[in-house]
Amino acid sequence: MKLVTIAHLIFSCMLIGTAQTSASSANFAMQKAARFYEQGSFDSAISCYRGVIETGTENGDIYYNLGNAYFRANNIGMARLSYEKAMTFSPSDPDIKANVTFLKSRQIDAIVMAPQGFLAAILSRAHNLLPLNRELWVLLILWTLVLAFASMLLFAGRHMRLWFIYGIAILGFLILPIGISAGAKLYSSETIHEAIVLAPTVDAKNQPSGTIVLFSAHEGTKFRIRQSLDNWSLVSLENGVSGWVPDASLGKI
């Protein structure tokens, strides 16, 4: 038994040491990338940031910095793709939003969108206020409080019961919209896939390997992927216009 315990301790120490080494290597690479960026060596900065990501370390800051390096290297498609990936980690970050908006303003393709109503804009902003993982944590905390209040009802006096009931009602009022938002995000993550055009230009065809061009899109344009078939994807623009494009021209978010 003692030998087994010692073996477990050694294995645990090895795991901790490996995790610390990995974190230390990632921090060193990030600092190195930042120095390359400040020196104007954007390709070297990109290599460092991509190296960090390949080790399994991903967050909004890394993709944001990678997007900045790609932008300074004049690679608009990869810059937009990096910013969009950063948005998946930090959807409410104002700097990431500003950079995405700036790149959209520089797009050659003018996508005409239907105007968004005031209520729809408010709901959209509330929906994107927190990333999915934080919403799930908030839901866990709220449900824990509901269960705690419900348990206290069994032992509380007559007057205190009313306060606990009010508390449960308020918590339920908070749980409903957050739960709907989290459910929508889970559904979107499983069913909705998006991509960025990485090629200088791409023609959307009427079918895979088709001859009829329905529309053309340029580097940095965002698509929603509707269907994939034999290295081709049926994609649509934000205004709903659809067509088939080769997968090789896309970078999936």
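Tutor: A residue counts as buried when its relative accessible area is under 20%. Keep that cut-off in mind as we look at this predicted model.

Student: Is Glu 135 buried or exposed?

Tutor: Glu 135 has a relative accessibility of 4%, so it counts as buried. You will find Glu 135 in helix H7.

Student: Which residues is Glu 135 in contact with, leaving aside its neighbours within four places in sequence?

Tutor: With those neighbours set aside, Glu 135 touches His 127, Leu 130, Ile 178, Ser 181, Ala 182 and Lys 185. Take Lys 185: 50 residues separate it from Glu 135 in sequence, while their C-alpha atoms are 9.9 Å apart in space.

Student: How do helices H7 and H8 pack?

Tutor: For two helices, look at the angle between their directions. Helix H7 (residues 132-153) and helix H8 (residues 158-191) have axes 9 Å apart, at an angle of about 155°. Angles over 145 degrees count as roughly antiparallel, so H7 is roughly antiparallel to H8. Their crossing is left-handed.

Student: What about the crossing of H3 and H4?

Tutor: Here the axes come within 8 Å and cross at roughly 165°, and H3 and H4 are therefore roughly antiparallel to each other. This crossing is left-handed. To see where they meet, find residues of H3 including Gly 60, Tyr 63, Tyr 64 and Gly 67, and residues of H4 including Ile 76, Ala 79, Tyr 83 and Phe 89.

Student: How many residues does H4 have, and how far does it reach?

Tutor: Helix H4 covers residues 76-89, which is 14 residues, and its first and last C-alpha atoms are 20 Å apart, close to the 20 Å expected at 1.5 Å a residue.

Student: Why is H4 described as largely enclosed by the rest of the structure?

Tutor: Count its buried residues. Ten of the 14 in H4 are buried, so the rest of the structure largely encloses this helix. Among them are Ile 76, Met 78, Leu 81 and Tyr 83. The buried residues of H4 pack against helices H2 (42-54), H3 (60-72) and H5 (94-105), and also against strands S1 (193-197), S4 (222-229) and S7 (250-252).

Student: How many aromatic pairs does the structure hold?

Tutor: There are seven. To read one, check the distance between ring centres and the angle between planes. For Tyr 63 and Phe 89, the centres are 6.0 Å apart and the planes lie at 20°, so this pair is stacked. The pair links distant parts of the chain, because Tyr 63 is in helix H3 and Phe 89 in helix H4, 26 residues apart. Tyr 63 is buried at 6% relative accessible area, whereas Phe 89 is partly exposed at 35%.

Student: What kind of pair do Phe 215 and Phe 223 form?

Tutor: Their ring centres are 6.3 Å apart and their planes are at 70°, so they form an edge-to-face pair. Phe 215 is buried, at 12% relative accessible area, and Phe 223 is also buried, at 2%.

Student: How many helices and strands does the chain have?

Tutor: It has eight helices and seven strands. Of the 253 residues in the chain, 29% are buried. Finally, among contacts with a separation of 6 or more, 53% join residues 24 or more positions apart.

Note on methods. Residues are numbered from 1 along each chain as its sequence is written. This is a predicted model: local features need pLDDT of at least 70, side-chain atom pairs count only at pLDDT 80 or more; totals for chains, interfaces and linings use all residues. Side-chain values use heavy atoms; hydrogens and water are left out. Helices (H or I, at least four residues) and strands (E, at least two) are DSSP runs, numbered from the N terminus. The expected span of a helix is 1.5 Å times one less than its number of residues. Buried means under 20% relative accessible area, exposed over 50%, partly exposed in between (1.4 Å probe, protein chains only). Contact means heavy atoms within 4.5 Å. Rings of Phe, Tyr and Trp (its six-membered ring) pair if their centres lie within 6.5 Å; planes under 30 degrees apart count as stacked, over 60 as edge-to-face and the rest as tilted. Axes are lines fitted to C-alpha atoms, for helices over the stretch in contact, and angles run from 0 to 180 degrees between N-to-C directions. Angles under 35 degrees count as roughly parallel, over 145 as roughly antiparallel, 65 to 115 as roughly perpendicular and the rest as oblique. A crossing is left-handed if the near helix is turned anticlockwise from the far one by less than a right angle, and right-handed if clockwise.
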